[in-house]
Amino acid sequence: MENGSSTVDRAMLEHALHTVFAPWVQQLDLRVIDAQAGEVLLALPVTPQHVHVGNVVSGQTLMAAADTAMVLAVMTRAGGFKPMSTVQLQTSFLRPVPAESGVAQVRAKVLRMGRSLVFGEVRITTADEMLAAHATTTCALL
């Protein structure tokens with residue numbers, strides 16, 4: 001994370017992962033590794049329920065993790081959960097996340113936060129720190 005950024009309440013973010021999101025999103029079992037103002041780093045456990053027949057994590061799982069991470073990144077700037085809606089989530093899949101990798105990391109960063117729109121970026125890396133997916137997103141604050 002960036003030097004000079006203030007840390008945020010990780011317990012608030014962990015609590016949100018278990019209360020704010022739909023049950024199927026909670027099944028991603030995301031965990032907060034680190035959080036700063038405008039940025040979060042999450043662990044995404046690679047489990048059989050998220051692996052498709054190609055023996056890699058499904059794109060749907062990666063996109064759900066990216067979207068969830070951005071909500072948490074916005075929370076770090078807003079001081080808590082604020083209702084929002086994803087307007088756009090553009091994802092490029094650069095390499096697969098293998099079924100046997102154990103965990104992937106999801107880093108979401110708020111690039112610009114206005115009164116009604118938030119622009120962000122999400123990077124998902126494999127256990128060996130290779131970039132697997134890159135996403136840009138726009139969220140509307142409701």
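Predicted model: local features only at pLDDT ≥ 70, side-chain atom pairs only at ≥ 80, totals over all residues.

Modeller: Residues are numbered from 1 along each chain as its sequence is written, and side-chain values use heavy atoms, with hydrogens and water left out.

Biologist: What makes up the protein, and how are its elements defined?

Modeller: The protein has three helices and six strands. Helices (H or I, at least four residues) and strands (E, at least two) are DSSP runs, numbered from the N terminus. From that terminus on, the order of elements is α-α-β-β-α-β-β-β-β.

Biologist: Why is the protein called as compact as a globular protein of its length?

Modeller: Its radius of gyration is 14 Å, close to the 14 Å that the globule rule gives for 142 residues, so the protein is as compact as a globular protein of that length. The radius is taken over C-alpha atoms, and the rule is 2.2 Å times the number of residues to the power 0.38. Along the principal axes, the C-alpha trace spans about 40 × 30 × 25 Å.

Biologist: Why is helix 1 called oblique to helix 3?

Modeller: Helix 1 (residues 10-19) and helix 3 (residues 59-78) pack at an angle of about 140°, their axes being 11 Å apart. That makes helix 1 oblique to helix 3, because angles under 35 degrees count as roughly parallel, over 145 as roughly antiparallel, 65 to 115 as roughly perpendicular and the rest as oblique. Axes are lines fitted to C-alpha atoms, for helices over the stretch in contact, and angles run from 0 to 180 degrees between N-to-C directions.

Biologist: Which residues make the contact of these two helices?

Modeller: Helix 1 contributes Met-12, Leu-13, Ala-16 and Leu-17, and helix 3 contributes Thr-68, Leu-72, Met-75 and Thr-76; contact means heavy atoms within 4.5 Å. By class, this contact has six nonpolar, two polar and no charged residues. Here Ala, Val, Leu, Ile, Met, Phe, Trp, Tyr, Cys and Pro count as nonpolar, Asp, Glu, Lys and Arg as charged, and the others, Gly among them, as polar.

Biologist: What makes strand 1 and strand 3 edge strands?

Modeller: The six strands form an open sheet in the order 1-2-4-5-6-3, with antiparallel pairing. Strand 1 (31-36) and strand 3 (84-93) each have a single partner strand, so one side of each is left without a neighbour in the sheet. The twist averages 20° from one strand to the next.

Biologist: How do you know that strand 5 and strand 6 pair?

Modeller: Two strands pair if DSSP finds at least two bridges between them. Nine bridges join strand 5 (residues 117-125) to strand 6 (residues 131-141), and the two run antiparallel. Val-122 has Ala-135 of strand 6 as its bridge partner.

Biologist: What shows that strand 1 and strand 2 pair?

Modeller: They are joined by five bridges and run antiparallel, with Arg-31 opposite Ala-43 in strand 2. Their hairpin has two residues between the strands, and Gly-38 takes a positive phi near 85° there.
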